[in-house]
Amino acid sequence: MNKPPKRIRCAIYTRKSTEEGLEQEFNSLDAQRESAEAFIKSQAHEGWVCLPAKYDDGGFTGGNMERPALRQLLADIESGQVDCVIVYKVDRLSRSLLDFARMMEIFDRKGISFVSVTQQFNTTHSMGRLTLNILLSFAQFEREIISERTRDKIAATRRKGKWSGGRPILGYDADPVTNKLIINHEEAPRVRAIFRLYAEHGSLLPVAQELNQRGWRNKLYNTRKGISKGGMEFTRTSLWNLLTNPLYFGQVRHKDNVYAGEHEAIIDEVLWQRVQTQLERNGIHGGREIKNRHGSILKGLLRCVPCGCAMTPSYCCKNGKVQYRYYTCTKAQKQGWEKCSSKSVPAGQMEQFVVERIRGIGSDPALQAEVLTIIHQHHEEHRQTMQSEQALLMRELKRWQQEARNLIGQVKAGEVNTLVTSRLAEVQERIAHETPRLAQIREELERLADWTITAESVATVLGRFDELWKAMNIVEKQKLLQLLIDRIDYDGKVGQVTIHFHPTGLESLLTETITENAA
C-alpha cells in the first residue's frame with residue numbers, strides 16, 4: 001500500500017493596485033483567487049490543500065511591503081501555518097526586486113514553496129531564480145514607467161488648467177461626475193473673510209488665533225474609504241498654505257509654474273495681490289521690525305510698474321558718509337540698468353511727495369471724497385461678510401438644535417445608549433461654542449450700522465497730520481505709512497506715481513482719532 005502524500009498547506013495571496021471595481025460582487029481579487037484555487041485542486045493528488053484564510057490586498061501598491069494582508073501572511077509563515085504561497089502572477093506579490101529578494105530569503109529559511117499560476121518556474125533551481133529575477137526586473141521597470149506616465153499626465157493636466165485631484169480645500173468641492181472644482185457657497189464667504197483678515201492684520205499668527213476663536217476650521221472631508229479627515233484648527237503653516245494657494249485666484253500650480261484654471265475664482269485680483277504683496281513683504285523676517293539705518297520710510301511699499309518688481313533702498317557714499325539715497329528697481333540691480341525704464345528715483349523727493357499727498361487729503365475735497373469712497377467700500381464688504389457668516393451660523397445652530405432635540409427623544413428612561421449620549425454631548429458642545437460667536441457677530445453688525453465717518457471728520461483728523469508726523473521717529477513714521485498705504489506704484493518711463501491707500505488703515509486711524517477727540 002502506497003504512503004499518502006504529505007499535506008501541503010497552500011495560502012493564496014491576491015493584490016490589486018487600485019480600489020476601482022473592488023465594490024463589484026466578483027472583482028479582480030476574486031478572479032485571482034479562483035485561478036489559484038483551480039491550480040491547487042489540480043495538485044490535490046500531491047497533497048495540496050487550500051487554507052481558508054484570505055490574504056487580499058485591495059488598493060495597495062506592489063512597490064513596497066506596507067500591506068496588511070501581506071504582513072499577516074508573513075506572520076503566519078513565521079508561525080509555521082503555511083507550506084506554500086500561491087499567486088496569480090509574480091508581480092502580485094511584489095514589484096520591487098529588493099522586497100521580493102527579502103521575501104524569498106524568508107521563504108527559503110522557513111522552507112516555503114512559491115508558485116505563480118501563470119508563470120511556471122521552480123525556485124529551488126538556479127535557472128528558476130534567474131527567470132524570477134528577470135521577471136521582477138521587468139516588473140520594476142514597468143512600475144517606474146507607470147510613475148513617469150502619471151507625473152507626465154499630471155503636468156499635462158495642470159497645463160490645461162484642470163484640477164488633477166488631491167486633498168480638497170476650503171471653499172471648493174470636487175464635482176463627482178466631472179471631477180472639476182466647484183465653489184462651495186457656504187464655505188466661500190469664509191475664505192474671502194480669511195483673506196480680508198490677513199490684509200487687515202498683515203500677520204499670520206493673529207489671524208490664525210482669530211479664526212480659531214471664531215471656531216473656524218480647515219476643510220472637513222471624507223476619503224473614499226469613508227474616513228473623516230481635516231476639520232483641524234488653523235496654524236501659521238495651514239494659514240500660509242491657504243493664503244498662497246493659487247486655486248483661490250482661479251489658477252492651478254505645477255511645481256514653479258502657474259496656469260489659468262478652468263474653475264471659478266473665489267478671491268478677486270485686488271485682494272489676492274494685496275495679500276501676496278503683504279506675505280512677500282513679511283516672508284523672510286516674518287513681519288518683524290526691520291532695521292532701517294538710513295531712514296528709508298517707503299521700504300516695502302514702492303514698486304516699479306514697468307518691471308512689476310519691488311524698489312529697494314540704496315545709497316552712495318563719499319568719504320564714508322551717505323551722500324544720496326535712492327529707491328532702485330530690483331530687476332535693474334540684478335539684470336542691468338538697460339532692463340528697466342524706471343531704474344531708480346531719489347528717495348527724498350519720493351518720500352516728500354508721498355507725505356504731501358497724505359497731508360493734502362485734509363485740504364483737498366476731491367481726495368477726501370476718494371478716501372471716503374474707499375473706506376465705505378471696505379465697510380460695506382465687511383458688513384456683507386458679517387451678514388453671510390451670521391446667516392451660515394444661524395442655519396448651523398438651527399440644525400444642531402434640531403438634532404439635539406431628536407437625540408434627546410431617543411434617550412429612554414433607565415437605558416444608556418453610548419452612541420446617542422456621545423453624539424448628544426458633541427452637538428451640545430458645538431452649540432455652546434458657536435453661540436457666543438453669533439452674539440459677537442450681532443454686536444459687530446450693530447456697530448457697523450451706527451458707524452459713520454464724514455468728509456468733515458476726515459479733514460479734521462488729517463489736519464492734525466503735521467503735528468503727529470513731527471512727533472514721530474523714523475520707525476514710527478515707517479509703521480504709520482505701512483498702516484495707511486497698501487502700495488505705491490512708480491512708473492519712471494512716464495514719471496507717474498500712484499498711491500494705493502489701505503482702507504482698513506485709514507479707517508482705523510480715523511476711528512481711533514475721532515474716539516479720542518470725543519473722549
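Tutor: Let's start with Asp491, whose side chain reaches the backbone nitrogen of Lys493 at 3.1 Å. That is a polar contact, meaning a pair of N or O atoms within 3.5 Å; within protein, one must be able to donate a hydrogen and the other to accept it, and residues adjacent in sequence count only if both atoms are side-chain atoms. Before going on, please note that this is a predicted model, in which local features need pLDDT of at least 70 and side-chain atom pairs count only at pLDDT 80 or more, while totals for chains, interfaces and linings use all residues. Residues are numbered from 1 along each chain as its sequence is written, and side-chain values use heavy atoms, with hydrogens and water left out.

Asp491 lies in strand β16 (residues 485-491). Helices (H or I, at least four residues) and strands (E, at least two) are DSSP runs, numbered from the N terminus. Asp491 is buried, where buried means under 20% relative accessible area, exposed over 50%, and partly exposed in between (1.4 Å probe, protein chains only). Leaving out residues up to four places away in sequence, Asp491 touches Val305, Pro306, Ser342 and Gln496, with contact taken as heavy atoms within 4.5 Å.

Elsewhere, the salt-bridge rule gives a count of 20. One of them joins Arg214 to Glu210, with the closest N and O atoms 2.8 Å apart. These two residues are four apart in helix α7, which separates them by about one helical turn. Arg214 counts as buried at 7% relative accessibility, whereas Glu210 is partly exposed at 22%. Arg214 also forms a salt bridge with Glu389, the closest N and O atoms being 3.6 Å apart. This second pair links distant parts of the chain, from Arg214 in helix α7 to Glu389 in helix α12 (residues 365-410), 175 residues apart. Glu389 is buried as well, at 5% relative accessibility. Through shared partners, salt bridges join Glu210, Arg214, Glu389 and Arg437 into one network.

Another salt bridge connects Glu187 and Lys219, again with 2.8 Å between the closest N and O atoms. Glu187 sits in the loop between β7 (181-183) and α6 (188-201), and Lys219 in the loop between α7 (204-214) and β8 (220-222), 32 residues apart. Glu187 is buried with a relative accessible area of 18%, and Lys219 is buried with 7%.

Strand β1 (residues 8-16) runs parallel to β3, joined to it by four bridges; two strands pair if DSSP finds at least two bridges between them. In this pairing, Tyr13 stands opposite Tyr55.

Stepping back, the chain holds 17 helices and 17 strands, and 40% of its 519 residues count as buried.

Conventions: Lys and Arg count as positive and Asp and Glu as negative; His and the chain ends are not counted. A salt bridge is a side-chain nitrogen of Lys or Arg within 4 Å of a carboxyl oxygen of Asp or Glu.
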